[in-house]
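This note is meant for a colleague who is opening the structure for the first time. Please read the points below with the sequence and the 3D view at hand.

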Amino acid sequence: MLSPMGTMSSRLSSPRSGQTSSTRTPNIKLSTTDLKITPPTIPDRTPTGPKQMTGTSLAGTGVETIGNEMFDNECLKLINEYFYGVRIFPGQDPTHVYVGWVTTQYHLHSKEFGQSKVRKVTVSVVDEYNRITSSVDRQSCYMVRTDELYNQVSNDASGKSASQGMFIGCFLDTATGMMTFTCEGKETSYRFMMEPDTKLFPAIFVEATSKEILQIELGRTSTTLPLSAAVLQNSERHVIPQFPPRLKVQCLKPHQWARVPNTSLEVHALKLSDIRGWSMLCEDPISMLALHIPEEDRCIDILELPIIQCQREAVSDFLVALTSKLQPSMLLKLLRKLTVDVSNLSEYTTVALRLLTLHYDRCAKYYGSTSGGSSSDEEKRLTMMLFSNIFDSLSKMDYDPELFGKALPCLTAIGCALPPDYSLSKNYDDEWYGNKSPTDGPYNPQPINTSSVSLNNDLNTIVQKFSEHYHDAWASRKLENGWVYGDQWSDASKFHPRLKPYTMLNDYEKERYKEPVRESLKALLAIGWNIEHSEADVPLSSRNSMRRQSKPSMSGRHPGSLNRFGVKLAQVQTGELRFAYSLLEKLIQYTDRASINMKMQKPSSTFSRRTSFMVCTRDIKFFSKVVLPLVEKYFSTHRNYFIAIGTASNNVGAASLKEKEMVASLFCKLANLLRSRLSAFGADVRITVRCLQVLVKGIDAKSLTKSCPEFIRTSMLTFFNNTADDLGHTIQNLQEGKYSHLRGTHLKTSTSLMYINDVVLPVLTAMFDHLAGCEYGSDLLLDEIQVASYKMVISLYTLGIDNTLTHDRKYLKTELERHRPALGTCLGAFSSTFPVAYLEPHLNKHNQYSLVNRIAAHSLEAQDILVRMESSMPTLEAILSEVDNFVESERHHTDAPHIIDVIMPLLCAYLPVWWQQGPDNVSLTAGNHVTMVTSEHMNQLLKNVLKMIKKNIGNENAPWMTRIAAYTQQIIINSSEELLKDPFLPLAERVKKRTDNLFHKEESLRGFLKSSVDDTSQIESQIQEDWQLLVRDIYAFYPLLIKYVDLQKTHWLRNNIPEAELIYNYVSEIFNIWSKSQYFLREEQNFISANEIDNMILIMPTATRRSAVVSDSSVAGGVGGKMKKMPEYEIMEFVKTQLTLPDKIDPADEMSWQHYLYSKLGNKKDSTEVVPHAGQTPVKPPTVDDVVERIVAMAKVLFGLHMIDHPQLQSKAIYRSVVSTQRKRAVIAF
């Protein structure tokens, strides 16, 4: 059997760390004319054993001696030669023994070995004339058969005496790369020359022919060092070997190098017999894809490359492309391996991280679905383990931007793919006791890992109680057996010094009782048990009085019975095993840790040159770079899970009540942390605000107020009170001119304008929008929280409308003007969810949610805030009158910006909410209404909005035009048909005229721009700016027009409304120009991108809407397809002919419906005048030419819509990148 006898993994080069051959002075000088290597002196070796060496050291001189030879430190540094010897015992056939050295290139596994199997290559260096200047032979191994060595020194070709045993010496000079061999102390001609400092391993290949084979000796000579000098490096080299001169091989142990831990690769060895040898069995081998790197002379796993970036990316691209074509279930084995790999992140795991990121992004539905075709439980369990391993690994690492940048997307992709309600199906007890199988060998204690378990105050109280109980129980047994208190312990007299009350024990004695109790509780928590208070008992904090007070009497000690602790032990519920529950626990834990470790940065440090202020600890970096981005992504993905309502029988797909409470708790903790440590967050304020926005959208306020009222009264009320106080103090600072507080240079940064504008407003807006969307306002905004809400709305309204707060300071004026629209948006969100009509305070007495009917009778604060509301906030009629006066006057936005930026969003949200509960929809006894909002209020407000838009068409100084349609659409609910004539029709006419003028200007300049040789960029820029203003005006008007048309279409279909036809004509002509203009299309796309507008939300609230004014465009259906081939005059003749066809229609004709429709239209040409209703002027019936013109006009629009949907029909597909089906739907809606 062929096997390596000795394999050492240490590189045989300079034995001293940090020294290389290039820095040492050579001990032999060679000339290029006489290149002769002087062999080392061969020691005298006898068959009885190696030469015995004795050495002494001259203390303090750094000199060692062997016999008469002296070696100082400098001399020892020059020794670069190593030696090992092999003694072959008599009876072993030397033809079956090879000795020498192998390189890392040697990978031959065979039962036979021969020189023909050695890989050889010659490496030559040539000069510029291709002449060889130097060359070296490189081999995979340098092995010599021992009988050939013996034949050289004995001059016996028969080899008979070689079986009597021999001693082979193997010498290596790492400085020159020379290998030599000796046999029986004599030099042989077998030499190898290789490159210096090459990695080598001593090797022996042997096939046993005797019971005793060979012996390896690690001695040394006067000019060589033993192998131990390379294996075990010391502070100084020693001439005396550090290994014994003889090393007897007691046994052979197989080794296999693998990337995975040894626990994953189990090798079992069994001795069959002395003749048959040993049998080895490897259970569950893990296959791996290896890569050979010739430049570095090694093989490594492909997932652990320390190669250059481009190569790593190439391998990553290959793996991603490969796995993207595989079914997710086929990657189960890969997930098993990667679960181990990513437990310790490093630069070598970046490929695995990218692979996992793209895999879970692609297969998110596969892992998140619970229906057929979804992932198995093992795949979900491995996914959960992957997330935990990556998360825990990142928490223990110092911040590395590159590694964290690759690990974070992977972490979020895995977390978002895994269902939040997934829980481990295996019970904790089964897993724990299943691993405790008896094993052979010495006892290896494996206690439960409780390092990450901490006890809260209640559990520490339990530890104290049980410690007292153990002491009392032990003392009771002692007293029953006749023991008494004594200063000294005596078994004969039955004296014991601890027979005294627990309170009189010293700290060491108390700790002896506490330690086992504490560890027992930690172990219970670690294996998945909960310790809770019994519902029938009082809290632990109030039980101190229940404990019997013992008298400190030493004699007659009679411990009483144990009082009830009120403790209930229960296993962790299924909800607490969920992935979302465990993640929330970690997130809350790191938020609490950040609140403790995050240091407040002094304002003066901003101007300091010291960098110590900016240094963040590891956990703070992990919190800002991992926890916050993870919170933002995870809760925005799984928001519906946390607000879903589960039933008593089925809670799948809905968060448990505890999880809902934890989400709200995380929001409150993070909000309080940001408020108290604002300056410490620095650039992370923005992502923290986004986290608060997504967290507040995941709060189920209805369930929490119903099932967790105590949490609402503490955490949520604290958030509302803090926010109300911050807004109130900000107003006070503005009024008093405390500019240091407003700029944030004061320690209390929660009253700075930056905190109010960048933190409070976005978070409040998101919260009120969420409460309005889920109808939680009447559940949460009550009682004390309603008081805080009143304070907030007073401060927000004052901040938005009071121009005297700036004191004519440029900084304050700029800040307030820049964020005034955000104030209006926040007030609008508040108005849409607040359960009380706060602009009509005289009707609050009829509202069951008002403070008047709840806590005002016994709360002085509630009474005070109601009085402040009446004096600080205007009434509904007063605020509507203010808007009317502004519109009718000649003032602009710059004269009263609060009208458009603050009051308009507030009214547009307030009116539609309370209209649903007003007299138009609710029939109550006169005087009992909670509001008096009617549709007339909304019609008047809509009329004012349209007038403002008309007045500012083409006005460059009207930035509010880009956002007014977003919040004004709400008031178009029960709009009057009278608004069509004024102001919708005049506004549409003005937009149409402006469009005609711009298109005429573009057409007139098109030829000039093409033919001009001068710079025309200024002219083109002016045209683009004009079209940009027109697009802004259209996007301010069209969303309102679409919703209004959608409400009035039924009435317009039943009645002939001339104004409706005019509206259609204006819109169709604008569309025709849009399809022809070179700039119109492009500037619209630029406007949408710059303002982040979603057409389907802004223009088409429902995807199936179709305007009534174009419903009759079907009469042009047979004409639209011929417009491309026929001139317009031919089309008009065709239509006129169709209108005059006789009524007899051929049923077999596929176009019979069209002919019938044309005939009906033609028959109406002689009808009399029509008066639709009283008050309208008589309408003359259309002539044939009028009908033809109308049909052709509609055909042009339909043809344009058809070409939008089929750009391939055009000769030049210039609209392909800028039009879509959404565009067609939008135009149809017009």
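**Helix packing and local geometry**

1. Helix 31 passes helix 33 in a left-handed crossing. This is a predicted model, and the points that follow should be read accordingly. The axes of helix 31 and helix 33, the latter formed by residues 1058–1076, come within 9 Å and cross at roughly 25°. Because angles under 35 degrees count as roughly parallel, helix 31 is roughly parallel to helix 33.

2. On the side of helix 31, the residues that meet helix 33 include Leu980, Phe984, Leu985, Ala988, Val991, Lys992, Thr995, Phe999 and Arg1006. Their counterparts in helix 33 include Glu1059, Leu1062, Ile1063, Tyr1066, Ile1070, Ile1073 and Lys1076. By class, this contact of helix 31 with helix 33 has 12 nonpolar, one polar and eight charged residues.

3. The length of helix 31 can be checked against expectation. Helix 31 comprises the 32 residues 980–1011, and at 1.5 Å a residue it should span 46 Å; the end C-alpha atoms are 45 Å apart, which agrees.

4. Asp982 and Pro983 are joined by a cis peptide bond, with omega at about 20°. Pro983 lies in helix 31.

5. Helix 27 (residues 876–888) and helix 28 (residues 897–915) form another pair, with axes that come within 11 Å and cross at roughly 130°. This angle makes helix 27 oblique to helix 28. The crossing in which helix 27 passes helix 28 is left-handed.

6. Which residues of helix 27 meet helix 28? They are Leu876, Ile879, Leu880, Glu882, Val883 and Phe886. In helix 28, the residues they meet include His898, Ile899, Ile903, Met904, Leu907, Tyr910 and Leu911. The contact of helix 27 with helix 28 has 13 nonpolar, one polar and one charged residues.

7. In the pair of helix 9 (residues 401–417) and helix 14 (residues 618–637), the axes come within 10 Å and cross at roughly 30°. The two helices, helix 9 and helix 14, are therefore roughly parallel to each other. Their crossing, that of helix 9 and helix 14, is right-handed.

8. Helix 9 contributes Phe404, Leu408, Leu411, Thr412, Gly415 and Cys416 to the contact, and helix 14 contributes Lys625, Val626, Pro629, Leu630, Lys633, Tyr634 and Thr637. Sorted by class, the residues of the contact of helix 9 with helix 14 are eight nonpolar, three polar and two charged.

9. Asn130 is not a glycine, yet it has a positive phi of about 60°. Asn130 is placed in the loop between strand 7 (120–126) and strand 8 (132–139).

Technical notes:
Residues are numbered from 1 along each chain as its sequence is written. This is a predicted model: local features need pLDDT of at least 70, side-chain atom pairs count only at pLDDT 80 or more; totals for chains, interfaces and linings use all residues. Side-chain values use heavy atoms; hydrogens and water are left out. Helices (H or I, at least four residues) and strands (E, at least two) are DSSP runs, numbered from the N terminus. The expected span of a helix is 1.5 Å times one less than its number of residues. Axes are lines fitted to C-alpha atoms, for helices over the stretch in contact, and angles run from 0 to 180 degrees between N-to-C directions. Angles under 35 degrees count as roughly parallel, over 145 as roughly antiparallel, 65 to 115 as roughly perpendicular and the rest as oblique. A crossing is left-handed if the near helix is turned anticlockwise from the far one by less than a right angle, and right-handed if clockwise. Contact means heavy atoms within 4.5 Å. Ala, Val, Leu, Ile, Met, Phe, Trp, Tyr, Cys and Pro count as nonpolar, Asp, Glu, Lys and Arg as charged, and the others, Gly among them, as polar.
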